[in-house]
Amino acid sequence: MSETDNMDINQSLLVSSSEPENPESEIQESEIPDSPKPERRKPNRKSYSTVWNYFTKRIGSDGKEKACCNLCNREYMVSPVFGTTNLHRHIEHHHVPKGKNMSQMLVARAVPVQNSVPKQFKYDELAFKESLVKMVVENEFEFEFLEKDGVKRCFGTICPDLKFVSGDILRGDLVKLYEKERKKVLLLFEKLARRVSVSIDLWTNVKTEEYICVNAHYIDRDWKLRKTILNFKYLPSPYDGNSLAKFISNLLKSWKIENKLFCITLDEALSDDSFLDIYKTQLISKKALLLQGKFFSSKCCARVINLIVHEALKEIDIAIYKIRECVKYVKGSNERLKKFLDCCKKCNIDPKTPLFQDIPTKWKTTFLMIEHILPYKNAFNELQTLTLNFTDCPTIEEWNSIDKMHQFIKTIYDATDAFSSAKYPTSHLCFHGICKIQIVLKEKSRSMDYLINKVATRMLSIFDEYWREFSTILSVSVVLDPRYKMEFVEYAFKKIHEGEDERFVGQVKQSFQALFNEYKGNFASGSKKGEKNKEKEKNTEEISQLELYLSEPNVDWTRPLDVLEWWRENQPRYPDLARLARDVLAVPLCPVVPQSAFQIGGRVLDKYKGNLKPDVLEPMVCTKDWMFGFEGINAKVEEDDGLKVELGSSSKDLMLTSS
């Protein structure tokens, strides 16, 4: 049989075997159960996509595998058909910050979190309310700001379950926070082992209601000067010396510092200061004051300076009014400015110095306005001859009076600026400026010029009253500056008390020694320090710390020196004298920030605080001071308030800038 025949036979056999002849046999075979086949398991493929750094695979409630977002818990189906496109889209639309590339964000999250359980956000209502009231205090938001629809929508996107609180609840939470922080401050003053100086100033709101602000001034254990607002109380009127003395006494008793008082600095805005004498008598009877209250009361030096400058400016008030009108006229339009610049060019005046428009209640800005306009007096005179509607230019006599008064006030401005530049200066910084003002007023009161003589005599009569009462404590404070000591007091008194300087210097020395004896006798140094002090006294043949301090060479006065830091370093050498220095140097120059030395008039609350009720205003002011280091009662104001008019070569250079 050939090979071809064999192949045909085999093919026919294969066909016949694949097609059964008996269909019944096929049914019978199908009814026979097949043997179980082994299940084909898919290999666990590793997820290499970076999107899995943000998703975790889970089995859902329906038994199907799902991808759960680790950031928002949103779930998506996992399917090899769709891949990870939907997951990428979710990350891009919901979790990529603006301006950030999605690919960079995915790569940056290098650690995969497939097996980690995402942290669930837990809403803490108490923590939220506390942080909310702190935010209101720090930023001075309205208490009802959470009730506005826009705020609700914004917070709702962060936490849909957020429970919004009303303004009344926020006020209640503020009072609770105030009481909580007050206990901390009270504990601080209870443990304070030194004396405290207090300053009292008066504030009014738009309704002319009066509030009294009580501030505590002290130097802490690290020799840092501290100022703390204790109270901001509504002052009911009318009041007299007795009622005010009782009012202040109750406030200080509540802080447990009545027996730790060193000095009270009073604001001149208080119409009745007789309460200080009444209160002083009460404290002396309790033996709570040093030297029978010799250094107990002090007046705000800034307010005294304001009074004497007001006397000078009052003499040329008509001329000052005309200067204001000159500045207003020039800045009124570009045509006027261009015409004024032509006058400057004609008078050979380089218009580099800007014109300055003042704020009448701040004499510093009035002084700067005068100083800036004087170089242009010839240009304004020329402008008046060329312009019919410009009628407020000062006369020649008025220009001369302005020039004289400018030179006079400049000495006071420079002296005041020296100590007002510090945020809360120590008391020794005031002595130099006060002495300079006193010397200038004495010299000008002998001037042959009638205007200067007249003004200086009135100013000196006001300033002499302040000097007689408070020159001793100012002198003691400057003696505690190791650069000057007693030598500077002797030098200054020779110029101020001509012929009687030795008597006044002797009074300062006597008061200083008596005050030192009080500290040496009433305050123990502690066991170890006391033993060292005794050994030192034996070695120095019983030379007192005060004598030793005054006998040693002065520190170089030409180099800057932090006086408090010097006393901190030398406290082991002069333990008793250092305690005295700590209390004397903390005496405040003025109740509020020293910039008030340039401000004429009382202090007025801003619109926000002026509309708060007294039971809310005090917690607001005090809590902000205690928690956030309050800079002042009102919002921060720039140091030089006013309006500058920059003068250029053309009218296009007219610029109004706040300075």
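How many bridges join strand E5 to strand E6, and in which sense do the two strands run? E5 and E6 (residues 225-234) are joined by 9 bridges and run antiparallel; strands are said to pair if DSSP finds at least two bridges between them. The model is predicted, so local features need pLDDT of at least 70 and side-chain atom pairs count only at pLDDT 80 or more, whereas totals for chains, interfaces and linings use all residues. Residues are numbered from 1 along each chain as its sequence is written, and side-chain values use heavy atoms, with hydrogens and water left out.

Strand E5 (residues 210-219) is mostly covered, with 9 of its 10 residues buried, buried meaning under 20% relative accessible area with a 1.4 Å probe, protein chains only. Helix H13 (residues 363-373) is mostly covered as well, 10 of its 11 residues being buried; among them are Trp-363, Phe-367 and His-372.

The protein chain comprises 25 helices and 12 strands, taken as DSSP runs (helices H or I, at least four residues; strands E, at least two) and numbered from the N terminus. Of its 659 residues, 45% are buried.

How values were computed
Buried < 20%, exposed > 50% of the residue type's maximum accessible area, 1.4 Å probe, protein only.
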